[in-house]
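Please keep the sequence and the three-dimensional view at hand while reading.

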Amino acid sequence: MKTIEHFERALGRKALWSTHRRKEGDRFVENYVPRLRIYPHALRQQNAFYSPPKKALLFGYFSSTANDGRNTPGTTVFGCLSHDIIAHETTHALLDGVHPRFNDPVNEDVLAFHEAFADIVALFQHFSYPGVLRDQIARTRGDLARQSVLGQLAQQFALASGRGDALRSYLGEMKNGEWTPMRPEPTKLGSTAEPHARGAILVAAVFGAFSKVYRSRTSDLFRIATEGTGVLRDGDIHPDLVNRLAEEAQRAADRALQMCIRAIDYCPPVGITFGAYLRAVVTADYDINPIDRQNWRLAFIESFREWGISPRGARSMAEDSLLWPREQDVIKEQVRIEQAPVGYEEKQASYKPGAFGGDVEMARQRSHRALTKLFRESAPASSDENYAHKTRRGKPEPYPSARSGDVLTPARLSMPRFDIWLDAEKQAAMFHGWLMDEDLAWLSLALGLVVDVAGLPLTISSRNGRARIEVHSVRTALKQGALGWPEPHMVVVLTQSRDGYFDKEIQNERDSTPKSEKDSACDFKYRAGCTLLIDPQEMQIRRVIRTPATVADESEFDRMRSYLLEGLAPLNAFAPASKRFRPDAEPFAFLHSHGGA
């Protein structure tokens, strides 16, 4: 419940679990998941994991094998009693509720990010327990770089299973009997592929940013305590200093945790990377605190750079360069592409020239009028075929299609969770109908979406003959504004998919034939799209978070195929390459059986 509370406070809305989704005939059916199931004694093994298909947490138990003076051999150790394991697995479930596509390992960072993010939440929640925090501050004399439980996860689990003092430690490690603090290694990311080890780099970068701010916030306290020398006297530090240091550490940890969780609304819908997450953290914090008096964003940027993490194709690590673009920015970019010479960018070949007419201000006014129509006038009818039919406990609910006179309105946070979940489908249907309006094709281009097929190998909607767009979710959030007042926001997630085949000859054959939504199954799905943060009061798109390329981009499509065939660790080592990727598999059960809970 503490983990859920942190998520709801950071995101500004009630947490919802991901739905049970199954296909019945030509349509999908979604079942509401009212609660997360927990099986405390599910496995007799050293493992615990979140199951996306079951929407459940499964905890293991095992007999201790260590005989080191701190454990009694044969003692049963229960994973369901570990604070860190509970927080870790619950975070997996909460992140799956926001971004279900983050379970699809389309690059080397996706599964690593899931593991790292779960560790980040569990790690910073250590600082929310005053007694433990004061004890560790006193033991380390206020130096968080020294060995302590604050930077370690699942101590008892690791000790009982003979894995050392902690399952994972982000402060340092024992070398030749001596504690060695962790130092940034900018080249480590390029040589690390295993999800837990790769995710540990992201956690270290985040914890490094937190440590920078903590040292800055407590430097005055150490100057006072040491009379300006910076060297504490021998012995225990004064209890008053312990309390003040603990207070600063708790505040800094809470701010860091809120920044990390808030950023998931600023992530692209698929194919998350560490660099994109850095941009999300910086942008989300900038929108709330434009003036960064404590240099939090600078600390994140410096720490990520020290660990060799940067956004793909970044030309600068300056704060302004890392912010996700605004609506006017993507419109200007699209105008520049349209006015460029023919062949300027091959990936833009599918775009219709002249859609903006070269007038950026006119395009912005058109966008404002379009959003005004969506929020204050009437929304066009939507296509029922693009949405799943909602059910609750097996009972179908009335399908929430958009009707004339309906308008897109933010959901009230006081509504029951089921009503919020059901209302989101109605909002998605209206947004889809609005987006597929032929007059708004120009805006879709700027958002990184492809609507006109024009011979491209994309799935065609049987209703209007245009490329299919999935409005994955429309979420209402109450976020703090730049002046500190609460402001409603709409977080809209849009994706498009393309059928992929491991055999390139089969791929070419299928690409040359028209696609429909009823085509047979493929080997994998290549997805692209964007996340939009919309201000319903000002009727404008605040941020546009796009994937690196559109669904029609051939180079990104080939990159994903190569990763699935060559870079993805097999779920079964004896399976052929074409069978390694299974969307319905238990990814976290496999990961945790190899890298720990």
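In this predicted model, strand E3 (residues 37–43) and strand E5 run parallel and are joined by 4 bridges. Within this pairing, Tyr-39 has Leu-58 of E5 as its bridge partner. Strand E4 (residues 48–51) is likewise joined to E5 by 4 bridges, but here the two strands run antiparallel; Tyr-50 stands opposite Leu-57 in E5. E4 and E5 form a hairpin with 4 residues between the strands, and in this hairpin Lys-55 adopts a positive phi near 55°. A further antiparallel pairing, over 3 bridges, links E5 to strand E6 (residues 76–78), with Ser-63 opposite Thr-76 of E6.

Attention may now turn to helix H16 (residues 554–567). Its 14 residues, at 1.5 Å a residue, should span 20 Å, and the distance of 19 Å between its end C-alpha atoms agrees with this expectation. The buried residues of H16 are Glu-556, Phe-557, Met-560, Arg-561, Tyr-563 and Leu-564. Viewed down the helix axis, the buried residues of H16 fall within an arc of 160°, so they line one face of the helix. The elements against which these buried residues pack are strand E15 (486–500), helix H15 (504–511) and strand E17 (524–535).

Two individual residues complete the tour. Glu-327 belongs to helix H11 (residues 327–339). Is this residue buried or exposed? Because buried means under 20% relative accessible area, Glu-327, at 6% relative accessibility, counts as buried. Residues up to four places away in sequence aside, Glu-327 touches Ser-367, Leu-443, Gln-540, Ile-541, Arg-542 and Val-544.

Ala-263 lies in the loop between helix H7 (239–262) and helix H8 (274–288). With a relative accessibility of 0%, Ala-263 also counts as buried. Which residues does Ala-263 contact, leaving aside its neighbours within four places in sequence? They are Tyr-277, Ala-280, Val-281 and Ala-284.

How values were computed:
Residues are numbered from 1 along each chain as its sequence is written. This is a predicted model: local features need pLDDT of at least 70, side-chain atom pairs count only at pLDDT 80 or more; totals for chains, interfaces and linings use all residues. Side-chain values use heavy atoms; hydrogens and water are left out. Buried means under 20% relative accessible area, exposed over 50%, partly exposed in between (1.4 Å probe, protein chains only). Contact means heavy atoms within 4.5 Å. Two strands pair if DSSP finds at least two bridges between them. The expected span of a helix is 1.5 Å times one less than its number of residues. The arc is that of the directions from the helix axis to the C-beta atoms.
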